[in-house]
Amino acid sequence: MTVAEVPGSRLDDWWTRVTIRAPRVARWGGPVAVTAVAAATRLIGLGTPDTLVFDETYYVKDAYTLSQLGYEGSWPADANTAFNAGDPSGFQEAPSFVAHPPLGKWIIAGGLALFGADSSFGWRFSVALAGILLVVLTMAVAHVLWHRPILTVIAGGLLAIDGNAIVLSRVALLDVMLACLALLGVFFVLLDRGWTRRRLRAWVARHGRTGWGPVILWRPWLLAAAVAFGLATGVKWSGIYFLAIFGVYVVVAELLLRRQAGIEFWATGGLLKQAPVTFLLLVPLAAAVYLSTWIGWFATDGGYHRRWIEGGGEAWTGALAWVPTAFQNWWHYEAAVYAYHVGEDTPHGYQSNPLTWLFLIRPTSMYWNVRDDGLVETILDVANPLIWWASTAALVFLIVRVVRRLRRGARVWREAFILVGLAAGYLPWMLYLNRTVFTFYTIAFEPYLILGLTAALGMLMGTALHRESRRRAGLVTVGIFLGVCVLLSAFFLPIWTAMPVPDWFFRLHLWLPSWL
């Protein structure tokens with residue numbers, strides 16, 4: 001006689017006992033532990049090396065002049081030597097042309113204010129905090145998506161130990177701050193989706209299904225998303241793609257929610273009534289927030305192109321003649337920055353084509369030093385290979401899954417939400433295949449790669465409702481995978497954090513010839 005298998009596993013039984021006996025530990029223990037790992041991998045030894053690395057030569061010094069002048073001043077060609085030695089006084093009041101908005105450098109300046117411009121720990125402190133917050137936000141998104149504590153911990157844990165996220169949190173570049181603020185906006189969009197769904201259902205309960213449906217004017221989470229996307233754009237212009245793509249997502253999601261609620265004219269009501277309101281709630285506020293990040297430039301007289309018209313530039317005429325001169329000068333500066341970006345094709349030894357990013361072909365070397373004792377110190381921005389390549393495989397799996405389930409009329413909003421985030425961070429780079437760009441730009445969409453991998457691992461694990469053999473096999477497989485990920489991160493950690501190692505040990509990490 002065949003005995004029917006009971007669902008779940010012993011681990012599920014243990015977890016049920018924990019949630020009953022210690023509900024706070026069950027809820028917060030895992031996320032707190034992941035946050036502690038993220039803090040340790042980002043803060044310990046943060047001041048090493050005690051010299052400006054890679055593009056820190058721009059952003060740290062720009063942050064310092066912002067704090068002193070209100071705009072980015074210029075530096076002599078040999079300024080790094082004195083700055084590394086703790087003397088930041090060599091800047092000049094003449095403005096510097098900078099390719100990115102000021103907010104990220106203001107954030108870096110916060111660390112300089114706390115620890116001093118002579119502290120390499122202070123140069124990177126604000127960025128490290130943003131990197132830790134990126135892990136926390138990834139867990140928050142995972143929690144709202146699945147409400148499964150194990151998936152929340154897996155998503156945050158994988159990002160906490162991945163090399164790309166660790167390196168970008170330990171050098172004073174702008175990209176992890178962009179990623180953090182963009183993910184904050186995405187998190188708010190996710191909360192707005194639940195807010196909207198509940199209000200549509202309440203409206204149908206009161207008024208019935210006939211008609212065009214309501215116009216929801218009060219959308220606090222959408223307003224919060226507008227602020228976050230505006231701030232993200234104030235770090236790097238890439239933030240505007242998150243605003244645009246998730247703006248479209250919000251409109252499409254609203255249409256589908258109206259249809260699910262049974263509203264009769266869900267399409268016309270959503271497009272003609274709600275969509276214009278959604279645009280007005282999202283875009284103007286984001287634009288105003290972005291403009292506010294330039295307050296230092298507007299409040300002072302010395303910034304680049306701050307007096308462009310007064311210096312002989314051509315002012316606007318006709319219908320735009322009323323626009324204040326300061327705004328015209330700022331717009332001209334923005335146009336110059338845009339021209340720089342679209343035309344930037346100067347060759348660089350570590351540039352990489354965006355088509356190769358998902359395959360980890362050309363990582364970025366940010367620091368290399370050979371010590372007197374023959375040991376080498378390096379910061380190689382290469383992701384944990386297993387996490388990265390598994391995430392790419394999971395991305396393919398999710399795309400196929402979404403297409404197949406849509407054909408059957410099944411709901412796939414969680415997978416679609418993750419793919420939209422990935423598209424916002426990655427697809428715009430397909431427009432600039434000939435530009436000089438770098439693999440570390442991937443940090444802007446890495447949280448969505450990790451969430452996609454987490455979704456795939458969650459399906460592989462199964463749930464406590466699956467039969468015991470299926471559940472046990474899934475848990476063992478995922479457990480082995482995660483264990484190998486941890487071991488690989490421990491193996492790569494020295495070359496992510498400039499620990500002194502023998503040259504032969506460093507070369508053990510060069511899995512592809514293009515990694516050197």
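In this predicted model, two arginines sit over tryptophan rings, as listed below. A charge counts as over a ring if NZ of Lys or CZ of Arg is within 6 Å of the ring centre and within 35 degrees of the ring normal.

| Charged residue | Ring | Distance to ring centre |
|---|---|---|
| Arg259 | Trp266 | 5.4 Å |
| Arg306 | Trp297 | 5.2 Å |

Trp297 also belongs to an aromatic cluster, whose members include Phe97, Tyr290, Trp294 and Tyr340. The structure holds 49 aromatic pairs (rings of Phe, Tyr and Trp, the latter by its six-membered ring, with centres within 6.5 Å; planes under 30 degrees apart are stacked, over 60 edge-to-face, the rest tilted). Trp75 and Phe83 are edge-to-face, because their ring centres are 5.7 Å apart and their planes are at 80°. Both Trp75 and Phe83 are buried (under 20% relative accessible area; exposed is over 50%, partly exposed in between, with a 1.4 Å probe and protein chains only).

Leu271, in helix α12 (residues 266–292), is partly exposed at 45% relative accessible area.

Helix α17 covers residues 446–461 (helices are DSSP runs of H or I, at least four residues, numbered from the N terminus). Of its 16 residues, 14 are buried, so α17 is largely enclosed by the rest of the structure. Gly462 follows α17 and has a positive phi, near 75°.

Residues are numbered from 1 along each chain as its sequence is written. Local features need pLDDT of at least 70 and side-chain atom pairs 80 or more, while totals for chains, interfaces and linings use all residues; side-chain values use heavy atoms, without hydrogens and water.

Key:
Helix = DSSP H or I, 4+ residues; strand = E, 2+ residues; numbered from the N terminus. Expected span 1.5 Å × (residues − 1).
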